[in-house]
Amino acid sequence: MIIPVLPLAHERSASADESITAWALAARGGDSAAVDRFVRALHRDVIRYVAHLCADPQAVDDLAQDTFLRALGSLHRFEGRCSARTWLLAIARRAVADSIRSSAARPRPAGLPDWESAAELAQPRGLPGFDDGVALLELLAGLPDERREAFVLTQLLGLPYAEAAALSNCPVGTVRSRVARARATLLALLAAAEDPGPALVAA
């Protein structure tokens with residue numbers, strides 16, 4: 001059975017979001033300890049979100065760093081009208097979009113290294129859930145972009161549907177529909193992977 005190694009955040013603690021938002025506001029006022037807490041609290045969420053939006057796995061760390069640099073440079077404009085998490089993920093979304101536009105404008109080199117093979121060889125083996133986690137990520141990567149984003153925001157990052165809708169610039173009902181369709185697709189793919197059907201008998 002394929003077991004997700006990425007925990008599904010069905011409910012994000014409201015008090016945790018309030019704390020993170022308070023740290024962002026304190027960081028805006030020059031509190032360096034609050035800056036550190038803010039970055040540490042949201043670093044994993046930003047990495048996950050960017051990884052699911054970005055087509056280039058090698059760019060994820062750079063895009064996450066760019067996101068935090070943009071955010072820290074804009075903290076003076078953050079007023080806490082939405083959660084700091086939603087505000088930061090909106091910045092991450094723009095960073096990825098800018099990167100995609102920039103890449104599209106540049107000519108691509110003809111001989112690209114086989115990063116997938118190199119990354120696979122570099123991964124530790126024998127860890128519980130490693131292969132299952134890779135399989136889950138591959139299934140998520142196969143979803144249409146809008147459904148994958150809605151699923152990641154609500155089910156992996158734990159954003160409320162209303163915040164995910166604001167971040168995606170669409171109605172809440174659309175986010176719910178995208179998540180439901182993503183779940184249905186993932187369940188069908190998981191079922192197919194676990195039960196490939198009767199083996200073919202060679203003639």
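What percentage of the 203 residues in the chain is buried? In this predicted model, buried residues account for 33% of the chain. The secondary structure consists of nine helices, with zero strands, and the order along the sequence is α-α-α-α-α-α-α-α-α. Among contacts with a separation of 6 or more, 69% involve residues 24 or more positions apart.

Helix α2, spanning residues 32–53, and helix α7, spanning residues 145–156, have axes that come within 10 Å and cross at roughly 165 degrees. Angles over 145 degrees count as roughly antiparallel, and α2 and α7 are therefore roughly antiparallel to each other. The crossing of these two helices, α2 and α7, is right-handed. On the α2 side, the contact is made by Arg48, Tyr49, His52 and Leu53. Helix α7 contributes Arg148, Glu149, Val152, Leu153 and Leu156 to the contact.

Aromatic side chains were considered next. The structure holds one aromatic pair, formed by Phe78 and Trp87. The ring centres of Phe78 and Trp87 are 4.8 Å apart, and with 40 degrees between the planes the pair is tilted. Phe78 has a relative accessible area of 2% and is buried. Trp87, at 16% relative accessibility, also counts as buried, because the limit for this class is under 20%.

How values were computed:
Residues are numbered from 1 along each chain as its sequence is written. This is a predicted model: local features need pLDDT of at least 70, side-chain atom pairs count only at pLDDT 80 or more; totals for chains, interfaces and linings use all residues. Side-chain values use heavy atoms; hydrogens and water are left out. Rings of Phe, Tyr and Trp (its six-membered ring) pair if their centres lie within 6.5 Å; planes under 30 degrees apart count as stacked, over 60 as edge-to-face and the rest as tilted. Buried means under 20% relative accessible area, exposed over 50%, partly exposed in between (1.4 Å probe, protein chains only). Axes are lines fitted to C-alpha atoms, for helices over the stretch in contact, and angles run from 0 to 180 degrees between N-to-C directions. Helices (H or I, at least four residues) and strands (E, at least two) are DSSP runs, numbered from the N terminus. Angles under 35 degrees count as roughly parallel, over 145 as roughly antiparallel, 65 to 115 as roughly perpendicular and the rest as oblique. A crossing is left-handed if the near helix is turned anticlockwise from the far one by less than a right angle, and right-handed if clockwise. Contact means heavy atoms within 4.5 Å.
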